[in-house]
Structures are given as C-alpha cells and as structure tokens.
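Please examine the sequence and the three-dimensional structure shown here before reading on.

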Amino acid sequence: MSFLIDSSIVITSQILFFGFGWLFFMRQLFKDYEVRQYVVQVIFSVTFAFSCTMFELIIFEILGVLDSSSRYFHWKMNLCIILIILVFLVPFYIGYFIVSNIWLLHKQQLLFSCLLWLTFMYFFWKLGEPFPILSPKHGILSIEQLISRVGVIGVTLMALLSGFGAVNCPYTYMSYFLRNVTDTDIMALERRLLQTMDMIVSKKKRMAMARRTMYLKGEVHSKPSGFWEMIKSVTTSAAGSENLMQIQQEVDSLEELSRQLFLETADLHATKERIEYSKTFKGKYFNFLGYFFSIYCVWKIFMATINIVFDRVGKTDPVTRGIEITVNYLGIQFDVKFWSQHISFILVGIIIVTSIRGLLITLTKFFYAISSSKSSNVIVLLLAQIMGMYFVSSVLLIRMSMPLEYRTIITEVLGELQFNFYHRWFDVIFLVSALSSMLFLYLAHKQAPEKHMAP
C-alpha cells in the first residue's frame with residue numbers, strides 16, 4: 001500500500017512536469033510556428049518531466065519523503081527511461097527529421113534514419129574510450145556505460161555555460177562596464193544612418209530612371225536601319241548596363257553600411273537605457289549583485305586552478321565544511337548535522353531552480369536565434385537532448401553538494417562511476433571557458449567605443 005501511495009505521488013508530479021513542459025513548448029518555443037509535430041512535442045515534454053523528476057527525488061532524499069525502497073525503485077526506473085530517451089529515441093528522431101528535409105532520400109527515409117542513428121551510436125560509444133570514467137568490471141551492456149558517456153557530454157556543457165555565465169553575469173549587471181553614451185552620440189549616429197538611407201534612395205532613383213530611358217530607347221530604335229546604327233546601339237546598351245552594375249554595387253555597399261549603422265544605433269539606445277536603469281533602486285541592486293558575482297567568479301577560478309594543479313576533489317559537502325569551520329573558529333555549541341541537512345536542502349533547491357530556469361532561458365534564446373520552419377523540429381529535439389544530458393550530469397555534480405548520508409542511494413543508482421573524474425573535468429572546462437569568456441568580453445568591450453567613434 002505504501003509503495004502505491006509513493007508511486008502515485010511521483011506519477012502525479014511527473015504529469016505536472018509534463019504539462020509544464022508542454023506549455024513551455026507551446027507558449028515559448030513554437031508560438032511563432034503553425035505546423036507542429038506532436039511527436040516532437042511529446043518527446044520534449046517527456047524529457048523535461050523525467051529530468052525534473054530526478055531533481056524532485058534529490059529533494060525527497062534530503063527531506064526523507066517516500067519510503068527508501070520506493071525512492072530507489074523510482075530512481076532506477078527514471079534513470080533507465082531518461083537514458084533510453086537520450087541514447088535511442090531522440091537521436092533516431094533527429095536523424096528522421098533531418099532525412100525528411102532532404103527530398104532525394106524520401107523513398108528510403110527509414111533506412112537512412114537508422115544509418116544516422118548507428119553513426120551517432122558509434123561516435124557516442126567511442127567517446128568513452130579516452131576518459132577514465134568506468135570501473136573495469138562493468139560489462140558492455142551495463143547501465144553505467146550509458147550514464148558515464150552522457151555524463152561526459154553533460155558535464156562539458158555545464159562547465160562551458162557556467163564558465164561563460166560566471167564572467168558574463170558581472171559584466172552584464174555592473175554599471176562599471178557600461179560605456180558612457182550621450183544623446184549627442186546617438187543623434188550623430190542616427191544622422192549618419194539617415195544620410196546613408198538618402199544616398200541609397202537617390203541611387204535607386206537613378207537606376208530606375210536609367211532603366212526607363214534604356215527601355216524607351218529600345219522601343220524607339222527597336223529596328224536599326226543600318227550597320228553603323230546597329231553597332232552604335234550595341235555599344236550604347238553595353239555602356240548603360242555597365243553603369244547600372246556600378247551603381248548597383250554602390251547600393252549594395254551602402255545597404256550593408258546602413259545595416260551596421262542600424263545595429264550600432266540600436267546598441268547605443270540599449271546602452272543608454274541600461275545607464276538609466278542602473279540609476280534606479282533595482283539597477284543598484286543588480287549592480288551590487290554584479291560585484292558579488294565578480295568576487296564569486298574570481299574565487300571559483302582560483303579554486304578550479306587549485307583543484308587542477310593539486311589534483312584535489314572535496315570529500316565533504318561545502319555546507320557541512322563551512323559550518324564546521326565556523327563552529328571551530330567561534331568555539332560555540334552547534335548541531336552541525338541538523339543544520340547542514342536544512343541548509344543543504346535550501347542550497348540544493350536553489351541550485352535546482354536556477355539550473356532549470358537558466359537552461360530554459362538559454363534554450364529559448366538559442367532556438368529563436370537559429371530556428372526556421374524547416375529546421376525547428378530538429379532543433380527542438382537537439383535542445384531536448386542537451387536538456388536531458390545537462391540534468392543527468394547535474395545529478396552527478398549535485399551529489400557532492402549533499403551530506404554524505406544522502407549520497408548513498410544516488411551512488412547506488414548511478415553505479416560505480418569515477419565521480420572524481422567528473423569534478424576534475426568540470427574544473428578544467430570551467431577554467432578554459434571562464435578565461436576565454438574574459439578575453440572575448442575584454443576585446444568586445446575595448447572595440448565597442450572605437451567602433452562608435454569612427455567617422
């Protein structure tokens with residue numbers, strides 16, 4: 001009876017997660033497209049539901065909700081289903097929709113879809129060979145073989161996003177990095193844009209008048225009466241067409257310049273709005289957050305460097321370690337185990353909520369940036385693949401943020417993986433991503449004023 005009640009709680013939450021994924025798909029990703037493939041919508045929503053269920057089971061583990069045997073069963077079942085989706089179902093349908101967009105392959109669509117899936121499986125399997133991610137005793141068909149490879153891809157993605165976010169967040173929030181933009185700068189750029197548009201209009205008028213003149217002359221002298229008149233008409237038309245081509249090239253150059261000026265003008269307007277926003281109470285609050293995150297970024301980069309150089313991986317979760325240091329320093333009586341449990345719950349909850357929110361925002365921006373009516377199905381499935389791998393690897397990394405007694409069931413479910421490797425790999429990729437992002441943002445920030453000051 002207890003197992004049925006526990007299962008009903010998990011299934012009800014999965015239905016709610018599925019509904020949220022369905023609404024997100026309809027209201028955000030595909031709101032601008034009329035043609036929808038329901039199989040894509042179902043796969044995306046199911047992936048989202050089972051990904052969120054893993055986080056829910058982590059919370060249940062800390063709070064002691066559900067019976068331990070029920071939690072273990074749902075952990076195992078949830079993990080098996082998400083791996084089937086990520087390794088078998090989603091890659092096959094990605095190949096299927098890629099082939100469906102190539103009309104030459106329509107007759108053998110299923111065959112080529114299977115070939116693409118087998119190609120994915122080959123590279124997916126070869127991915128695990130260079131990395132020490134498994135215990136030698138695991139068989140080729142064990143669940144650890146799939147988790148380990150999904151974990152490598154997911155941890156790499158997480159580290160890249162975390163490294164960029166750790167640098168971009170203070171750069172975005174802090175008013176210190178805002179360049180000084182005045183109304184005079186905006187008006188000068190808008191004046192250049194208007195002058196360019198006027199030049200484009202005048203040249204297009206010249207082209208239209210030249211074409212009209214050539215057409216009228218062609219009507220009048222449609223039948224040359226002599227040899228010299230024929231030669232004269234040919235040379236005149238050749239000179240006219242050459243002149244038109246030259247004007248067209250000038251128009252193309254001016255249109256490209258007008259696009260650049262328009263983007264620069266929009267950028268200046270956005271920067272001016274950010275300057276005004278930074279003077280408000282909310283803007284000052286985010287400016288403070290920017291300084292806080294800049295300190296966090298420096299600390300994270302420093303700790304990642306230390307972990308890489310000294311090959312170090314923490315054995316105690318950061319909450320328990322921080323409380324122990326505080327208690328020993330202050331010399332006060334404190335129930336470390338009780339408070340570490342509650343603070344870990346809050347910390348893990350914040351990590352889960354921010355991870356889901358941040359990933360959904362990133363996926364939405366990415367989809368709008370590259371999607372089209374033909375490629376949208378493939379892109380949504382790719383986003384579902386990334387989302388599932390991201391959440392599976394999040395469980396691998398969140399495990400270290402939990403007190404030791406709560407890691408046991410997660411370790412049993414995931415198998416005997418080389419967890420220390422994933423943390424070291426995260427530190428390496430995070431450090432590379434953060435330093436590369438710092439260099440990129442520095443060059444972009446340095447180049448922006450020079451671009452706007454150019455005549």
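The paragraphs below move from the overall fold to single elements and then to contacts between side chains.

This is a predicted model, in which local features need pLDDT of at least 70 and side-chain atom pairs count only at pLDDT 80 or more, while totals for chains, interfaces and linings use all residues. Residues are numbered from 1 along each chain as its sequence is written, and side-chain values use heavy atoms, with hydrogens and water left out.

The protein chain has 13 helices and zero strands, where helices (H or I, at least four residues) and strands (E, at least two) are DSSP runs numbered from the N terminus. Of its 455 residues, 40% are buried; buried means under 20% relative accessible area, exposed over 50%, and partly exposed in between, with a 1.4 Å probe and protein chains only.

In the loop between α2 (38-63) and α3 lies Leu66. Leu66 has a positive phi of about 75 degrees although it is not a glycine, and its relative accessibility of 12% makes it buried.

Helix α4 (residues 109-127) has 19 residues, for which 1.5 Å a residue predicts a span of 27 Å, in agreement with the 27 Å between its end C-alpha atoms; the expected span is 1.5 Å times one less than the number of residues. Its buried residues are Gln109, Ser113, Trp117, Met121 and Phe124. Viewed down the axis of α4, these buried residues fall within an arc of 105 degrees, so they line one face of the helix; the arc is that of the directions from the helix axis to the C-beta atoms. An α-helix has 3.6 residues a turn, so residues three or four places apart point the same way.

The structure holds six salt bridges, each being a side-chain nitrogen of Lys or Arg within 4 Å of a carboxyl oxygen of Asp or Glu. One of them joins Asp183 and Lys272 (3.8 Å, N to O). This pair links distant parts of the chain, with Asp183 in helix α6 (residues 183-220) and Lys272 in helix α7 (residues 227-278), 89 residues apart. Another salt bridge pairs Lys204 with Glu255 (3.0 Å, N to O). Because Lys204 lies in helix α6 and Glu255 in helix α7, the pair ties together parts that are 51 residues apart in sequence.

Within helix α7, Lys272 and Glu276 are four residues apart, about one turn of the helix, and their side chains meet in a salt bridge (3.3 Å, N to O). Through shared partners, salt bridges join Asp183, Lys272 and Glu276 into one network.
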